[in-house]
Amino acid sequence: MWKYATPLVITSSLVLAGCGQKPPEELPPAPVGTAPEAPPPAPAGPGYAPGSQGDFLANTMSDRILFDTDRFNVDSQDQVILQSQAQWLAQHPNARITIEGHADERGTRDYNLALGERRANAAKNYLASLGVSPSRMTTVSYGKERPEALGSNEAAWAQNRRAVSVVVR
Amino acid sequence: MTKRKRFPAARQTILGLIALAAGLSVPVQAQLTVDVTAEGDNELIIAVPALPTPQNTETPAGGTADLGGKISDVIVSDLRSSGLFEPKGRNQVRGISFNEVTAPQFSYWGSTSAAALIQGFVRTNPDGKLTVGCYLYDVALETELTRQGFVVSPRDWRRAAHKCADAIYSRLSGESPFFDSRIAYIAETGPKDNRRKRLAIMDSDGANHRFITNGRATALTPRFSPDYKSIVYLSFLDGNPRIYIYDIGTGRQRLITESSNPTFAPRWSPDGKWILYSMAIAGNTDIYKVSSQGGQPQRLTFSPGIDIGGSFSPDGSRIVFESDRSGSQQLYVMSSNGGNERRISFGGGRYATPEWSPRGDLIAFTKIAGNFRIGVMTPGGGGERLLTNSWQDEAPTWAPNGRVIQYFRTTRGNGRTGIWQVDLTGRNERQLPTPVNGSDPSWGPLLP
């Protein structure tokens with residue numbers, strides 16, 4: 001799981017993307033559109049349009065939450081991340097998201113599809129509890145079909161057990 | 001040619017004992033048999049010369065003389081793959097004339113290592129079809145054990161070879177045939193983070209391979225319909241995981257249910273009338289069944305856990321499925337209309353992807369306890385046996401005769417996949433040749 005160095009207070013302009021993450025043992029390829037360093041605060045600076053995935057990445061703590069093996073509960077760290085996503089969504093009322101649920105490779109194919117669906121819905125339900133309208137959120141499970149970290153080790157699997165919010169234009 | 005084995009001495013009494021036990025007054029005679037559960041490597045040596053033709057005739061699949069050689073090759077390959085026989089093909093034994101087919105030269109074959117002899121012929125009929133004759137002889141006893149004839153289109157010559165191999169296998173082992181059958185699977189190419197997964201089909205020996213989908217949408221978990229006319233499978237065609245029925249004849253497909261919810265893990269009922277599947281609603285996955293002709297789905301499970309991967313018993317009365325309602329994936333049996341749910345797996349670790357044997361006597365599964373291994377247990381949960389031990393073996397599927405199990409193996413690290421099979425005894429484990437990486441095999445029934 002990712003570790004955060006300091007207690008977090010969320011404000012609407014807080015920018016923490018990527019800060020304080022424990023580096024994975026094997027670096028996954030850079031996801032498309034991910035900002036490796038903290039970019040300038042919103043509103044839109046160079047490189048992304050308001051309400052875009054770039055905006056979302058720059059102005060939320062993370063686009064994703066991670067899960068323990070076989071689990072789908074949203075823990076306190078996940079809640080902080082999802083709170084930042086909910087605030088961004090509140091500022092961009094026309095934005096919609098798809099939440100992608102994923103599993104690591106150490107599960108059977110069918111079960112992992114169902115598990116990814118559970119994880120995506122866990123994120124969706126928590127965002128809804130923060131006031132995000134369910135009509136603005138869809139879910140999709142990719143099971144173990146789209147790993148991001150490519151190793152076959154605990155660190156890679158931890159990165160792959162994820163629910164990722166993607167802004168739909 | 002260095003290995004010269006005679007069939008074990010037991011053959012000289014087997015039929016005699018059976019006849020005596022049954023109180024029959026048939027002549028006590030030695031007879032060739034093989035035991036599919038026997039230990040050791042006493043494979044029966046079988047000579048398989050090329051099948052002669054009375055007159056070489058050109059067909060759309062080549063000349064009949066050439067086909068006779070190729071049919072012999074396929075019979076050799078099938079019998080060898082069973083692990084029970086040591087077939088010697090046309091490059092290891094002498095050729096035969098057409099006239100010899102029904103009059104084997106026992107004095108010659110008796111001087112070789114062969115205990116059994118397969119002879120046959122290929123002939124074209126006036127309508128352009130092929131007749132393939134197939135004869136099995138006991139060399140020591142100088143008797144015919146079985147004969148069969150098959151009429152096929154020239155392009156189906158491999159099926160005649162498989163049917164001949166099936167007849168030999170059945171006659172000598174006492175088991176049901178399985179070579180003349182087909183496999184649907186997922187052909188995989190590309191790197192681990194951008195894997196292209198296409199629906200593909202092939203014969204049980206990997207021949208007649210054909211890609212069905214182009215790979216633009218990820219395809220997973222196919223299952224042949226019992227009549228081989230369609231394939232039910234999962235596709236991300238519209239961006240979401242959904243189950244489609246693909247019609248092989250027309251190339252068209254349709255969703256099995258119009259619901260916007262994701263659907264997974266499709267399986268046919270043995271009579272082809274129903275499709276079992278799982279559907280997630282708000283993150284909770286349960287098992288449903290729907291008529292393969294369409295219509296209103298019927299929900300079968302109601303637990304808050306993930307219920308998935310159902311498989312019908314061969315008589316259609318029960319369903320085995322996996323559920324994590326206890327906290328981890330375990331196997332349960334219920335009636336085919338839902339209800340009477342009973343857990344059957346208690347061996348420690350997780351159990352997944354149950355598949356009921358076409359013989360009804362066993363359930364194959366993936367056991368997850370460290371490694372992912374293929375195993376079997378009875379429908380009551382007894383007699384658990386693990387058949388493989390690799391880093392990740394997954395998703396068993398049964399040969400039509402319930403004696404061989406196919407599955408796919410994933411390599412740690414690079415994620416490469418291959419289709420493997422193993423006998424119910426745990427022996428004769430081998431990889432099936434596929435043009436690219438393969439996963440999610442689904443073995444169809446014996447062809448009609």
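**Entry 1: the annotated stretch of chain A**

What are the helix and strand percentages over residues 54-169 of chain A, and how many Å apart are the end C-alpha atoms? I looked this up in a predicted model. I found 43% helix and 21% strand over residues 54-169 of chain A, with 12 Å between the end C-alpha atoms. I note that an unreviewed UniProt entry annotates these residues as "domain: OmpA-like".

**Entry 2: where chain A touches chain B**

I next examined the contact between the chains. It involves 20 residues of chain A and 30 residues of chain B. On the chain A side, I noted α3 (109-129) and β3 (137-143) as elements that each supply at least two residues. The largest share, ten residues, comes from α3(A). I then sorted the chain A side by residue class and recorded nine nonpolar, four polar and seven charged residues.

**Entry 3: the domains of chain B**

I took chain B as divided into domain 1 (9-173) and domain 2 (181-446). I recorded a separation of 35 Å between the C-alpha centres of domain 1 of chain B and domain 2 of chain B. The contact between them takes six residues from domain 1 of chain B and nine residues from domain 2 of chain B. On the domain 1 side, I counted one nonpolar residue, three polar and two charged.

**Entry 4: a sheet in chain B**

I traced an open sheet of four strands in chain B, paired in the antiparallel sense and ordered β19-β20-β21-β22. Within β22(B), I identified Arg342(B) as the bridge partner of Val333(B).

**Entry 5: the largest nonpolar core**

I finally looked up the largest nonpolar core, which has 147 residues. Those with the most contacts inside this core are Ala123(A), together with Leu44(B), Ile46(B), Ile71(B), Ile75(B) and Ala116(B). I noted that domain 1 (9-173) and domain 2 (181-446) of chain B each contribute at least three residues to this core.

Which residues does Ile46(B) contact, leaving aside its neighbours within four places in sequence? I listed Leu79(B), Phe85(B), Pro87(B), Lys88(B), Ala114(B), Ala116(B) and Ile118(B). Of these contacts, I marked Ala116(B), as this residue is also named among those with the most contacts inside the core.

Methods
Residues are numbered from 1 along each chain as its sequence is written. Chains are lettered from A and ligands numbered from 1 in the order in which they are written. This is a predicted model: local features need pLDDT of at least 70, side-chain atom pairs count only at pLDDT 80 or more; totals for chains, interfaces and linings use all residues. UniProt positions are given in the numbering used here, feature names are shortened, and annotations may be inferred rather than shown by experiment. Two residues are in contact if their C-beta atoms, placed from the backbone, lie within 7 Å. Ala, Val, Leu, Ile, Met, Phe, Trp, Tyr, Cys and Pro count as nonpolar, Asp, Glu, Lys and Arg as charged, and the others, Gly among them, as polar. Domain bounds come from an automatic or database domain assignment. Two strands pair if DSSP finds at least two bridges between them. A nonpolar core is a set of buried Ala, Val, Leu, Ile, Met, Phe, Trp, Tyr and Cys residues joined through C-beta atoms within 7 Å. A residue is buried if 20 or more other C-beta atoms lie within 10 Å of its own, exposed if 12 or fewer, and partly exposed in between; C-beta atoms are placed from the backbone.
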